[in-house]
Amino acid sequence: MAPDHRTQVAIVGAGPAGLLLGQLLHKAGIDAVILERHAREHVLGRIRAGVLEQTTADLLEHAGVGARMRRDGLVHTGFELLVQGRRHRIDLHGLTGGSTVLVYGQTELTRDLMEARDAAGLPTVYEAEHVAVHSFEGAHPYVTWRHSGRDQRVDCDFIAGCDGSHGVSRASVARGAIREYERVYSFGWLGLLADTPPVSDEIIYVNSERGFALCSMRSRTRSRYYLQVPLTAALSQWSDERFWEELRERLDERGRARLVTGPALEKSITPLRSFVVEPLRFGRLLLVGDAGHIVPPTGAKGLNLAATDVRYATDALIEHYAERSDAGIDRYSARCLRRIWRAERFSWWLTRLTHPLAEEGPIGAKLQQAELDYLLHSEAGRRTIAENYVGLPLEFGEV
Ligand code: APR
Ligand code: PHB
């Protein structure tokens, strides 16, 4: 890329949010360049969630990257809650008038987006060092970075901060201009990926006295499991054998009989947090995806929220260029935040329902059991779980 360059939208971050935004802007004839701090392989090496809401799958289809997703993705019509040794199936399809979710790994989705960007010959700078965002409160923002020993700059109309929870975009906003809301949980998730057949055809959320477990998958031959662990847990304490043994302890007999173990392809510990900043727009800077919010992974909402932010940012930018109107830009933050807070609430609620919460003591355990007992034996209770899990309609609650 030339040392000094101009584009319409400078995107910071080549994760799902940045890549999907770049793809949708390209489809709309809007120029964008993506600046990513890491190498492409590093971005692809991240193992993240893999449950797509219907609206997310539809948006990826619209972006022109849905072929492999439709071929390899697994349509799920329900999932199970295993509570105190009893299984309860949440019939997503039946309880929501036909909605389903698609199990398709974020890594694969990121690869699809990268390949589409390459095929279109669109500019992405990987291993961009010291990325900095400038003058976004005015009408002539720009981004600088260093690459191959040379300082570079791109002038633009807008900056999309798609750089995740530890990025430079949010960090560049004046402290007094942004409000943070955060809840940190007293435990983390130890995740393991293995080339073994999943223990079940559907996802299982396990609430056992030993702690939460999650049985998921990436395909019919690749499994993804999680165990709730204390925040003090270290990977060095968790051999593959110890992981499989603990998972067995938290499963029921049916699960133990079907569990196929094997060497971990990847193991990692993720702390759980609920985090939102308000607003998400600062002049010509838009925060998109994890740059603006984090959900505990229990509800599998992180990627889906990023996709909705991207949808709203794309609508706003198209309106700016095609209709010379900034109404969409002005509405961007409020439009995103309404959906974000609903997903934050559901993710927090489902986390509290499925994880033993030591800090709430014996009465907390009894109240949790009573809430689960009500929800799982009430059609209204199961429906509220189902309609939030598949994702509320985009126009939900619109007046
Ligand atoms: N300069 C350039 N790039 C940066 C910088 C920086 N200063 N800081 C971070 N990045 C890059 C990261 O390397 C990463 O590739 O921004 C990208 C942000 O991607 P994600 O963290 O994946 O966030 P997002 O694209 O919003 O996707 C959200 O990813 O973390 C999961 O659970 C989350 O599924 C959700 C999805
Ligand atoms: C996953 O497959 O990684 C996954 C599935 C469901 C969740 C969280 C993660 O709620």
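The questions and answers below work through a predicted model and ask how each description of it is reached.

Q: What makes Tyr205 a polar contact of ligand 2?

A: A polar contact is a pair of N or O atoms within 3.5 Å. A polar side-chain atom of Tyr205 lies 2.7 Å from an oxygen atom of ligand 2, and this pair therefore meets the cut-off of 3.5 Å.

Q: How do you know how much of ligand 2 the protein buries?

A: Ligand 2 taken alone exposes 280 Å², and the protein buries 100% of that area. Strand 16 (211–217) and strand 17 (223–230) are the elements that give two or more residues to the shell around this ligand.

Q: Which residues surround ligand 2, and how do they divide by class?

A: The shell has 13 residues, of which Tyr205, Ser216, Arg218, Tyr226 and Thr298 are the closest. By class, eight of the shell residues are nonpolar, three are polar and two are charged.

Q: What makes up the shell around ligand 1?

A: There are 23 residues around ligand 1, and Glu36, Arg46, Arg48, Gln106 and Asp290 come nearest. The shell divides into nine nonpolar, eight polar and six charged residues, and helix 1 (16–27) and helix 9 (302–323) each supply at least two of its residues.

Q: Why are strand 9 and strand 19 called edge strands?

A: Six strands form an open sheet in the order 9-3-2-13-20-19, with mixed pairing. Strand 9 (124–125) and strand 19 (281–282) each pair on one side only, and they are the edge strands of this sheet.

Q: How do you know that strand 2 and strand 13 pair?

A: Two strands pair if there are at least two bridges between them. Strand 2 (residues 9–12) and strand 13 (residues 158–161) have four bridges, so they meet this requirement, and they pair in the parallel sense. One of the residues involved is Val9, whose bridge partner in strand 13 is Phe158.

Q: How does the reach of helix 10 compare with the expected value?

A: Helix 10 (residues 327–354) has 28 residues and reaches 41 Å from its first C-alpha to its last, which is close to the 40 Å expected at 1.5 Å a residue. Helix 10 also has a kink of about 30 degrees, centred on Ser333.

Q: What makes the bond between Glu278 and Pro279, and the phi of Ser135, stand out?

A: Most residues other than glycine have a negative phi, and most peptide bonds are trans. The bond that joins Glu278 and Pro279 is cis, with omega about -10 degrees, and Pro279 sits in the loop between strand 18 (264–278) and strand 19. Ser135 is a residue other than glycine, yet its phi is positive, near 50 degrees; Ser135 lies in the loop between strand 10 (129–134) and strand 11 (142–147).

Terms used: Residues numbered from 1 in each chain as written. Chains lettered and ligands numbered in written order. Predicted model: local features only at pLDDT ≥ 70, side-chain atom pairs only at ≥ 80, totals over all residues. Heavy atoms only, no water. Expected span 1.5 Å × (residues − 1). Bend = angle between axes of the 7 residues up to and from the residue. Near = heavy atom within 4 Å. Polar contact = N/O pair within 3.5 Å; in protein donor to acceptor, adjacent residues only side chain to side chain. Areas by Shrake-Rupley, 256 points an atom, 1.4 Å probe, with all protein chains shown as cover. Nonpolar A, V, L, I, M, F, W, Y, C, P; charged D, E, K, R; others polar.
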